[in-house]
Amino acid sequence: MNAINEQTGVGDNTLLLPLAGKKGLITGIANDKSIAYAVARAVRALGADIALTYQNEKTAKYTQPLAEALGARLFEKLDVAQPGSLEGVIEKCGAEFGQIDFAIHSMAFCEADDLHGRVIDTSESGFDSAMNISCHSFLRMAKALEPLMTEGGSLITMSYLGAERVVRNYGVMGIIKAALESAVRYMAYDLGPKGIRVFAVSPGPIMTRAASGIANFNKLLEADAVKAPLGHTVTIEEVGALTAFLCTSGSSGMTGQTIYVDAGAHIVA
Ligand code: NAD
């Protein structure tokens, strides 16, 4: 009999699961619609132990029950815009787990005024803060985790097609996601000798809290469903499943890539 706990997805055959004994840090859960939440569920279902973060007290209200249901070993406040916050959380991960095998960077932010205008109108301070929170924090995360990733592992961030092509209303975030995808390649090159693999997962549009800040997002969803060869947009569960796979040894021959999970929409002009 292999009983599966419905909330955590963890069964009693945990030693056979691909992430049994692996430990990971997952950032970016705002609520149960967040991509990071589906990633957390997927890696728990594969047997991993996890640390989760929440951005502030407002989001803690929604994320605390999720962290408890998932059996997260740590639940820490993380605001990557605050100096030392990220490094402090990673220090706690080191104290709790000793070693880290994977980390998920699922955070992005851009001031509404900068997101909604033309890219040439972006303010310097708005560009700096969007780049810091959405891109540079991934580099800082890798630096702080490197000493804990003694057995190698996977570092994964979330990108979007707007990095590569102009997507209406995505504006300056497209420039920042392009930098993020480039960072993934350079990080993969730097960290490859340590067995640390680095990926950008690029989901198609999904209605989440972050996505609701993009103008006419519903139209983008509708258009993508029509364009995608599979005839639908993706779910957070589909993104979670791919991301969890990238944390397993099944992806040991891969690094540095941007991997689309968008029902094939990116291949269609
Ligand atoms: P979400 O709103 O659920 O998650 C965004 C997260 O970023 C939130 O948890 C928020 O707290 C966190 N965040 C923002 N600023 C932060 C800061 N200063 N410190 C710490 N955390 C901060 O939305 P989501 O769609 O799940 O977004 C997750 C990632 O997926 C983002 O990088 C987003 O760009 C990317 N993505 C989303 C879509 C989509 O259509 N939803 C598509 C492709 C890529």
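Which residue in β7 is the bridge partner of A200? I looked this up before anything else, keeping in mind that the model is predicted. The partner of A200 is T258.

**Entry: strand β6 and its neighbours**

I followed β6 to both of its partners. On the β7 side, I found that β6 and strand β7 (residues 258–261) run parallel and are joined by 4 bridges. On the β5 side, I found 6 bridges, and strand β5 (residues 153–158) also pairs with β6 in the parallel sense. One of the contacts I noted there is M158, whose bridge partner in β6 is V201.

In β6 (residues 196–203), 8 of the 8 residues are buried, so the strand is largely enclosed by the rest of the structure. I recalled that side chains in a regular strand alternate between the two faces of the sheet.

**Entry: the nonpolar core**

I looked up the largest nonpolar core and found 47 residues in it. The residues with the most contacts inside this core are L25, C93, F138, M141, L145, L155 and V198. Which elements give two or more residues to the core? They are α3 (85–97), α5, α6, β6 and α7 (217–227). The largest share is that of α6, with 9 residues.

**Entry: salt bridges**

I counted 8 salt bridges in the structure. I went through three of them.

- D32 and K33 form one, with the closest N and O atoms 3.2 Å apart. Both ends are partly exposed: D32 has a relative accessible area of 40%, and K33 is at 47%.
- D49 and R73 form another, at 3.1 Å from N to O. This pair links distant parts of the chain, with D49 in strand β2 (residues 49–54) and R73 in the loop between α2 (57–70) and β3 (74–77), 24 residues apart. I found D49 partly exposed at 21% relative accessibility and R73 partly exposed at 35%.
- E57 and K77 meet at 3.2 Å, N to O. E57 counts as exposed at 52% relative accessibility, whereas K77 counts as partly exposed at 40%.

I also checked for networks. Salt bridges link R44, D49, R73 and E96 into one, and the D49 and R73 pair above belongs to it.

**Entry: a nonpolar surface patch**

Which residues make the nonpolar surface patch of about 280 Å²? I found V119, I120 and I175. I placed V119 in the loop between α4 (112–116) and α5 (124–145). V119 counts as partly exposed because its relative accessibility is 40%, which falls between the cut-offs of 20% and 50%.

Notes
Residues are numbered from 1 along each chain as its sequence is written. This is a predicted model: local features need pLDDT of at least 70, side-chain atom pairs count only at pLDDT 80 or more; totals for chains, interfaces and linings use all residues. Side-chain values use heavy atoms; hydrogens and water are left out. Patches are made of residues with over 30% relative accessible area and no salt bridge: like charges are joined within 9 Å, nonpolar side chains (Val, Leu, Ile, Met, Phe, Trp, Tyr) within 5 Å. Accessible areas come from the Shrake-Rupley method with a 1.4 Å probe; for residues, only the protein chains shown count as cover. A salt bridge is a side-chain nitrogen of Lys or Arg within 4 Å of a carboxyl oxygen of Asp or Glu. Buried means under 20% relative accessible area, exposed over 50%, partly exposed in between (1.4 Å probe, protein chains only). Two strands pair if DSSP finds at least two bridges between them. A nonpolar core is a set of buried Ala, Val, Leu, Ile, Met, Phe, Trp, Tyr and Cys residues joined through side-chain atoms within 4.5 Å.
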